[in-house]
Amino acid sequence: MKKTARNAVLGMIALLVLFFTAVPPLVDRGMNKLTAAGGQPGVLRKDAAALHATLRVADLHADSLLWGRDLTVHGSRGHVDVPRMIEGGVTVQIFTAVTKTPRGLNYERNSADSDTIIWLALAQRWPPRTWNDLTERALFLAGRFDRTVATSGGRLAPIRTARDLQAYLADRKTGAMKTAGILGIEGAHALNGKLENLDRLYDASYRIISLTHFFDDEFAGSSAGVEKGGLTPLGRELVRRMNEKRVIIDLAHASPQTIADVLALAKRPVIYSHGGLKGTCNNRRNLSDDEARGIARSGGLIGIGFWETAVCGKDAHAVARALRYAVNLVGAEHVALGSDFDGATTVPFDSAHLVELTNALLDAGFREDEIRAVMGENALRFLAENLPQ
Ligand SMILES: [Zn+2]
């Protein structure tokens, strides 16, 4: 081989090695950030840490499975892993599978015809079956969760049923340093347009599915889609089947028409896993007061996010403000946390430092029972009532 040819080959190999080793952590670090003050806990009230230590925290949405980090060790990037969940008092975290995101992702209008997750999948060496198949991507991410459970030394419990949850909570009362996860899916496009894939995803332990992500899919319109329509005939059938199997319907990212259609049709309570309310932060993604009331009337939960476009602010106080507004609007029993940790977000604290939110809630004048409810008890009650037996 000529020297120049050999150098070209070596250069190509070096680039490939860089692509597979350096790119995934760089992307993770670059996309899942803390605000400038985040990570260095500010001065907390004396009563905040004491109260926080007695809370059972639950969070409705984190995308931590996507980035390829080992979630059994305390990471130096991103927002969530098992040690940080335990440190922050997290009792249950819903881990959500993201299977496709559009190029130039925005809150206004995205078409379904691009796919940036493929680059992450290639850089992280996901198996070829995931390259063109969104159901396979979700199954692969469920496998990641299972491996995290298996290698966590008993610290991460998988919750698949109401009975699992009950047993885990009883076990945790003995003082075991434990946390737990439940699998969810962000966007029903993960079914590849086929209703029968619901069974495969259910069998892989997925228990919560949002009908859309940033684009309209075969089942429903997204708040950031092109048409922004409602449920399609296939979407109506999906809602029926999800009700039947007790798979929880998540309306995060749904268009107003989808929200209205689902609320008219759903036989079971629905959630809005992560986002904000137009009343404190007016953008296309966030819920109107009427939509929030409709979700609460179904018996559901509204998960308030921690990032700037959810709450129009960059600190824990902004999150507390949005939680206050939600509690005043629909009652404390229908409000929960929907961090969007590791969701390509910049947030004021990671899961190890959730005490900062307890602190901000105390500052905002929340009563202790309201703090317990919002920080986790509502989510635990909802899951106990709505997971399959
Ligand atoms: Zn999302």
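Residues are numbered from 1 along each chain as its sequence is written. In this predicted model, local features need pLDDT of at least 70 and side-chain atom pairs count only at pLDDT 80 or more, while totals for chains, interfaces and linings use all residues.

Me: Why is α13 called oblique to α14?
Reply: The axes of helix α13 (residues 316-330) and helix α14 (residues 355-363) come within 8 Å and cross at roughly 60 degrees. Angles under 35 degrees count as roughly parallel, over 145 as roughly antiparallel, 65 to 115 as roughly perpendicular and the rest as oblique; α13 is therefore oblique to α14.

Me: Which residues make the contact of α13 with α14?
Reply: Two residues are in contact if their C-beta atoms, placed from the backbone, lie within 7 Å. From α13 come Ala316, His317, Val319, Ala320 and Leu323, and from α14 come Glu356, Leu357, Asn359, Ala360, Leu361 and Asp363. Seven of the contact residues are nonpolar, two polar and two charged (Ala, Val, Leu, Ile, Met, Phe, Trp, Tyr, Cys and Pro count as nonpolar, Asp, Glu, Lys and Arg as charged, and the others, Gly among them, as polar).

Me: What makes up the side of domain 1 that touches domain 2?
Reply: The domain assignment gives domain 1 (1-31) and domain 2 (44-386), bounds that come from an automatic or database assignment. Nine residues of domain 1 are in contact with 10 residues of domain 2. Both α1 (3-21) and α2 (23-31) supply at least two residues of that side of domain 1, and the largest share, seven residues, comes from α2. By class, this side has seven nonpolar, no polar and two charged residues.

Notes
Axes fitted to C-alpha atoms, helices over the stretch in contact; angles between N-to-C directions. Helix = DSSP H or I, 4+ residues; strand = E, 2+ residues; numbered from the N terminus.
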